[in-house]
Amino acid sequence: MGTTVIRGGLVITAAEETNADVLVEDGRVTALAAHDSDVARVWAESAGRVIDATGRYVIPGGVDAHTHMEMPFGGTYAVDTFETGTRAAAWGGTTTIVDFAVQTVGESLRAGLDAWHAKADGNCAVDYAFHMILSDVTEDTLKEMDALVDEGVTSFKLFMAYPGVFYSDDGKILRAMQRAAGNGGLVMMHAENGIAIDVLVEQALAAGRTDPRHHGEVRHALLEAEATHRAIQLARVAGAPLYVVHVSAMEAVAELAQARDLGLPVFGETCPQYLFLSADNLAEPDFEGAKYVCSTPLRPKEHQAHLWRALRTDDLQVVSTDHCPFCFKGQKEMGLGDFSKIPNGLPGVENRMDLLHQAVVDGHISRRRWIEIACAAPARMFGLYPRKGTIAPGSDADIVIYDPDAAQVMSAETHHMNVDYSAYEGRTVTGRVQTVLSRGEVVVDDRSYTGRAGHGRFIARETCRYPG
Ligand code: DUC
Ligand code: ZN
Ligand code: ZN
C-alpha cells in the first residue's frame, strides 16, 4: 500500500482541532504537519495519492460499539448481514463496529462466538470486534469468560430484561461481575426490570391495549431506573466496573450521575433514537409506531434534554446505535394486534455520525465532544484506543473527510442499510460524509463506494481503559 496525504482540512480529534495535513503510510497515520509547511509540501510531491480536504473536516472514523448484525430476535433475524451492515456503516463514516455475539441457552460461549466469527469472517467492509452476550451464566460459562478476554472479546452483556430469553437473575449477574472484576472484562448491562415489565405487558394486552405505543408505557422509565440502580449496587459489591447500554430514561441518567459523583467506575451509553425521536413516534397511527419499537423504549420528549446534558457533563460517555434493523413489511408486522410480538430494534448504523454532527449544528455539543462520544470514548472504553478513535501517529488510518456544509435528507430511498424504512425519513441534516479511509484504503471515494467485503478485519481488543 502506498502513501496518501490528506491535505488542507481541519483535523478534529477529541483533544484538539488543527489545520493540518495528514500523512498515511501502509494503513497507518504516520505524521501530521501544518498546511503549507515545507514538510507537508514534500509529502504531497511524493505521495501516491493526495486527497483534497479543503473546507472539510478530517475526523477519525466512527466507532459504533453497539450493533446487532443478523441477530436472532423474537422469531426472526435482524436484516443487515455483516456485509450490508458494515457497508452502510462505511457510508455513514463508521469504520469500526463492535457487534454482540450471542450465547444460546444451553450452549457454550465458544459456540456462540464461533458462530459470530463465521457470519463476519470475509464479509465485512470495515473492521469489527465482538462483545459476548451471556444468556446462561453457569460455572462453565464463567470460566470461559477468562479465555474470551485473552482472545480480545473483553466485554460481556447481561440482561435484566427478557425473562426466558436473555434474562439473568441477580445472583447470575453478581457472579459474572465478580468474574469480570478478576479478569479485566467489562460488564455491559441491559438495565430494565423484565420481570415487572412482563406483568405490565400481560395486563396491557388483557385490557386490549395492543398498539405499539403501549410498548413504551409498559417498559416504564422507573423500571429502567430501578434496574440501573440495582446493577450499580451489584457492580459495587463485586468490585467491577459497569457500562449501562442504551440509556433512555432521565431517571436512569440520575442513577448514573449519582454513582459517578461517588467516583464509581460506572459508565453509560445512549443512542441517537433517544436523542432525536420520542414516544410521539411510537404513537404514530396505522401501526407506523412499530417502526420505533426498541428496548429500552423511546421516551416522552422531556427526557431528551436530560440525555443531552448528561452527554455534555460526561455522565453519559458514549453514543452508539443499537443498530438492530427489522423490516416494517413482514417483520414489524408480526406484532399487528399485539405490541409484544413486534421485534425490538431500529436501524441506525449509517445515521449516527450525521445525527451527532447535527447536534453540533444545533448547539447541543461541541465539535470535539462529537468526536469524543462517537469515536474516542467508545474506543477507549472497549480497548481499541489509540489504534481506533483518533488521528495520531501510529493509529490506524481510519479517517473520514466530512463536509460540514452539505445538506442531506435522510430516507430509505437513499440509505444503504438493508431495511425498508428509515427511522429518520424526510429529516434534513447539515453535514455529510464525503470520503472514508479504512486502514488507509479508500472505501468511500467522494460519495462513491469503493470498498469490498473482506477488507474489514476482526480486531482483538485490549481490556477497558476508562474514558475521562
Ligand atoms: N434492544 C433492542 O431494541 N433490540 C435488540 C436487543 C435489545 O436489547
Ligand atoms: Zn439491550
Ligand atoms: Zn442492543
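In this predicted model, a backbone N or O atom of Ser295 lies 2.7 Å from a nitrogen atom of ligand 1. Asn344 also contributes a backbone N or O atom, placed 2.9 Å from a nitrogen atom of the ligand. His190 uses its side chain instead: a polar atom there lies 2.9 Å from an oxygen atom of ligand 1. Taken alone, ligand 1 exposes 240 Å². The protein buries 100% of that area.

The site itself was examined next. Ligand 1 sits in the largest cavity. Its surroundings comprise Lys157, Phe159, Tyr162, His190, His246, Cys294, Ser295, Asp322, Cys324, Asn344 and Gly345. By class, this shell divides into four nonpolar, five polar and two charged residues.

Cys324 is in no disulfide. The cysteine sulfur nearest to that of Cys324 belongs to Cys294, 9.4 Å away. Cys324 is buried, with a relative accessible area of 3%. Cys464 is likewise in no disulfide. For Cys464, the nearest cysteine sulfur is that of Cys375, at 17 Å. Cys464 also counts as buried, at 17% relative accessibility.

Conventions. Residues numbered from 1 in each chain as written. Chains lettered and ligands numbered in written order. Predicted model: local features only at pLDDT ≥ 70, side-chain atom pairs only at ≥ 80, totals over all residues. Heavy atoms only, no water. Disulfide = S-S within 2.5 Å. Buried < 20%, exposed > 50% of the residue type's maximum accessible area, 1.4 Å probe, protein only. Near = heavy atom within 4 Å. Polar contact = N/O pair within 3.5 Å; in protein donor to acceptor, adjacent residues only side chain to side chain. Areas by Shrake-Rupley, 256 points an atom, 1.4 Å probe, with all protein chains shown as cover. 1 Å grid on protein atoms, 1.4 Å probe; cavity = no way out; pocket = protein on both sides within 12 Å on 5 of 7 lines; lining within 4 Å. Sits in = over half its atoms within 2 Å of the grid points. Nonpolar A, V, L, I, M, F, W, Y, C, P; charged D, E, K, R; others polar.
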